Amino acid sequence: MKIAATLKKNLPELKYILLLFLSTRLVLTIIGVISRSLLERQYGKQYIYSTQLWLDIWGVWDSYWYINIAEGGYSAKVGTSFSETQANYAFFPLYPMLMRLIGTVMGGKYFIAGIIISNVCLIIACYLLYRLVRLKSDRENALQSVKFLLVSPTAFILSGVFTESLYLMLAILCFYLAEKKQWILIGIAGFFLAFTRSVGILIVVPMLYEYFKSKDFQAKKIRYDILFLLLIPLGLSLFAIYNFHLTGNFFAFSNIQSAWNRSLSNPLSAIVNGLRKSFLQPNVRTLFKIKALLESTFSIAALGLLCIFFRKIPVSYWIFSIYSIVVPLLAGIDSMPRFILPIFPLYILLAKLASNRSCDQVVTLSLALIQGFLMVFWSCGYSLVV
């Protein structure tokens with residue numbers, strides 16, 4: 001009853017969010033369909049997942065692996081028709097498990113199940129983001145945050161068969177529950193977050209900060225409810241145990257990352273090397289130069305915003321944002337535009353910085369144009385955004 005009453009109270013905002021969601025997805029679908037009609041499919045789009053082109057455009061790159069797991073489960077085998085050195089246990093289980101569950105009910109339509117999960121999670125994430133911002137700011141700022149999320153340069157990924165929407169939804173939910181001091185629910189949401197992606201386990205850090213802040217940072221006020229946060233690392237631990245059962249190695253999911261050319265590196269060096277590849281290596285193909293430039297630029301822009309305007313967002317938001325950038329950079333610059341996408345504090349920060357109407361319009365139009373440009377190539381499997 002309480003949830004129904006809350007939804008009814010926020011009905012105008014819900015309508016705005018749904019309208020924005022539908023309009024952006026419609027435009028992106030049109031761009032994707034036209035692009036696939038005019039351009040040849042590239043490496044990231046080796047497979048056709050649906051005979052309906054307007055649906056098929058939402059499956060590229062890692063979509064293959066999630067469908068592979070949903071259809072046949074995990075396998076210790078290294079090498080598939082997609083790659084000779086990669087294996088599906090590199091991918092965490094919650095998203096493909098949900099695909100398996102819903103896809104089985106739908107008669108084996110796992111790809112469609114993935115699209116449904118991603119878009120439902122995206123809508124819920126938008127609503128949670130609105131509610132979270134609304135706790136500390138006005139309605140306009142909250143709706144602007146949602147708008148910047150949906151028009152951000154790589155937001156098309158949130159509707160594809162990827163984990164980004166699920167991860168985003170669970171991350172925002174953790175912060176929303178922290179405002180309500182619902183520690184056991186945070187533990188459960190955090191468990192699922194760590195069961196979605198390896199970096200999800202680190203949500204325990206900002207959640208511990210929120211817990212201690214709620215106790216005025218006084219040790220004498222700490223109670224047993226802090227133990228609920230131990231549920232968070234359990235998500236990754238369970239997958240590590242399964243990896244041991246499958247391969248004999250608790251960290252097989254991490255070790256196999258080398259098949260994706262990921263290895264431990266200095267985050268700053270990763271950015272510098274990306275810029276060097278863009279400008280100083282003449283034998284690199286133009287497409288890969290642009291890719292490296294995009295990855296470096298996104299990383300620099302995100303870090304710059306967070307470091308310059310760190311006072312404009314709560315400390316726990318800043319912690320979440322920084323590790324969400326730095327940890328992926330430890331494995332190199334690849335895929336950084338996608339890894340930055342679920343960092344929701346960036347959209348809250350943009351809403352605060354673009355409070356002026358003219359500035360808001362310029363930022364919105366600029367982000368939307370970049371998103372449309374990148375969607376052209378993403379939907380055809382080009383490696384600009386991986």
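How many salt bridges does the count come to? The count comes to 13. The notes below take up some of them, after a look at the overall fold. Please keep in mind that this is a predicted model.

1. **Overall fold.** The protein is built with 18 helices and zero strands. The C-alpha trace spans about 55 × 55 × 50 Å along its principal axes. A compact globule of 386 residues would have a radius of gyration near 21 Å, and the protein agrees, with 21 Å.

2. **Burial and contacts.** Of the 386 residues, 53% count as buried. Take the contacts between residues at least 6 apart in sequence: 70% of them join residues at least 24 apart.

3. **Surface and charge.** The accessible surface comes to about 17,700 Å². Carbon and sulfur atoms account for 67% of that surface. There are 35 positive side chains and 16 negative ones. The centres of these two sets lie 5 Å apart.

4. **Lys45 and Asp56.** These two side chains form a salt bridge, with N to O at 3.1 Å. Lys45 sits in the loop between α2 (11-38) and α3 (53-56), while Asp56 belongs to helix α3, so the pair ties together parts that are 11 residues apart in sequence.

5. **Asp62 and Arg338.** Here the salt bridge has an N to O distance of 3.6 Å. The pair links distant parts of the chain, 276 residues apart. Asp62 is in the loop between α3 and α4 (63-72), and Arg338 is in helix α16 (residues 336-340). Asp62 and Arg338 are both buried. The pair also belongs to a network of salt bridges that links Asp62, Glu164, Arg197 and Arg338.

6. **Asp216 and Lys221.** In this salt bridge the closest N and O atoms are 2.8 Å apart. Asp216 is partly exposed, with a relative accessible area of 45%. Lys221 also counts as partly exposed, at 30% relative accessibility.

7. **Helix α4.** How many of the 10 residues of α4 are buried? Seven are, so the helix is largely enclosed by the rest of the structure. The buried residues are Ser63, Tyr64, Trp65, Tyr66, Ile67, Ile69 and Ala70. Their cover includes α5 (94-105) and α6 (110-134). Just after α4 comes Gly73, which takes a positive phi of about 80°.

8. **Tyr323.** This residue lies in helix α15 (residues 315-329). Tyr323 counts as buried, at 9% relative accessibility. Which residues does Tyr323 touch, leaving aside those up to four places away in sequence? They are Val199, Leu202, Ile203, Pro206 and Pro328.

9. **Tyr323 and Ile67.** Ile67 is one of the buried residues of α4. Tyr323 and Ile67 are 256 residues apart in sequence. In space, their C-alpha atoms are 29 Å apart.

Methods: Residues numbered from 1 in each chain as written. Heavy atoms only, no water. Helix = DSSP H or I, 4+ residues; strand = E, 2+ residues; numbered from the N terminus. Rg over C-alpha atoms; globule rule 2.2 N^0.38 Å. Buried < 20%, exposed > 50% of the residue type's maximum accessible area, 1.4 Å probe, protein only. Contact = heavy atoms within 4.5 Å. Areas by Shrake-Rupley, 256 points an atom, 1.4 Å probe, with all protein chains shown as cover. Lys, Arg positive; Asp, Glu negative; His and termini not counted. Charge placed at Lys NZ, Arg CZ, Asp CG, Glu CD. Salt bridge = Lys/Arg side-chain N within 4 Å of Asp/Glu carboxyl O.
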